[in-house]
Amino acid sequence: MSDESIAARIENLVTEEHELRNREQADASNDDRLETDQQRLRQVEVELDRCWDLLRQRRAIREAGGDPDDAQARDADTVERYWQ
């Protein structure tokens with residue numbers, strides 16, 4: 001996966017995140033739709049974290065003179081436990 005394809009995935013996820021956040025307000029009166037949107041929003045946030053992590057790994061490996069294709073996507077549990 002190239003940096004460009006990861007960046008494109010990030011852009012798509014950010015767009016979806018914004019749509020879900022906007023829809024949350026409209027769905028406030030419908031508990032089922034609101035819960036569905038909130039679950040998907042959590043999934044999108046985790047996937048965004050994973051994509052950003054992979055992009056950062058690729059950049060760090062490249063800067064260290066390595067092959068960025070050696071970077072590996074980490075599982076959600078690992079990425080979500082990082083200190084920020």
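**Overview: the chain holds three helices and zero strands.** The model is predicted: local features need pLDDT of at least 70, side-chain atom pairs count only at pLDDT 80 or more, and totals for chains, interfaces and linings use all residues. Residues are numbered from 1 along each chain as its sequence is written, and side-chain values use heavy atoms, with hydrogens and water left out. Helices (H or I, at least four residues) and strands (E, at least two) are DSSP runs, numbered from the N terminus. Read from the N terminus, the order of elements is α-α-α.

**View 1: the whole chain and its dimensions.** Along the principal axes, the C-alpha atoms fill a box of roughly 55 × 25 × 20 Å. The chain has a radius of gyration of 16 Å, whereas a compact globule of 84 residues would have one near 12 Å. That radius is taken over C-alpha atoms, and the globule rule is 2.2 Å times the number of residues to the power 0.38. Of the 84 residues, 25% count as buried. Buried means under 20% relative accessible area, exposed over 50%, and partly exposed in between (1.4 Å probe, protein chains only). Among contacts in the chain with a separation of 6 or more, 57% come from residues 24 or more positions apart. Contact means heavy atoms within 4.5 Å.

**View 2: helix 1 against helix 2.** Two packed helices are described by the angle between their axes and the distance between the axes. Here helix 1 spans residues 3–26 and helix 2 spans residues 31–63. Their axes come within 9 Å and cross at roughly 155°. That makes helix 1 roughly antiparallel to helix 2. Axes are lines fitted to C-alpha atoms, for helices over the stretch in contact, and angles run from 0 to 180 degrees between N-to-C directions. Angles under 35 degrees count as roughly parallel, over 145 as roughly antiparallel, 65 to 115 as roughly perpendicular and the rest as oblique. By class, the contact of helix 1 with helix 2 has 13 nonpolar, one polar and 13 charged residues. Ala, Val, Leu, Ile, Met, Phe, Trp, Tyr, Cys and Pro count as nonpolar; Asp, Glu, Lys and Arg as charged; the others, Gly among them, as polar.

**View 3: L34 in helix 2.** L34 counts as buried, at 17% relative accessibility. Leaving aside neighbours within four places in sequence, L34 is in contact with E24, D27 and A28. L34 and E24 are ten residues apart in sequence. Their C-alpha atoms are 6.0 Å apart in space.

**View 4: R42, also placed in helix 2.** R42 counts as partly exposed, at 47% relative accessibility. E17 is 25 residues away along the chain. The C-alpha atoms of R42 and E17 are separated by 9.2 Å.

**View 5: D53 in helix 2.** D53 is buried, with a relative accessible area of 8%. Beyond neighbours within four places in sequence, D53 is in contact with R74, V79 and Y82. A71 lies 18 residues from D53 along the chain, and their C-alpha atoms are separated by 9.7 Å.

**View 6: R74 in the loop between helix 2 and helix 3 (76–80).** R74 is partly exposed, with a relative accessible area of 33%. Leaving aside neighbours within four places in sequence, R74 is in contact with R50, D53, Q57, V79 and Y82. R74 and D49 are 25 residues apart in sequence. C-alpha to C-alpha, R74 and D49 are 9.8 Å apart in space.
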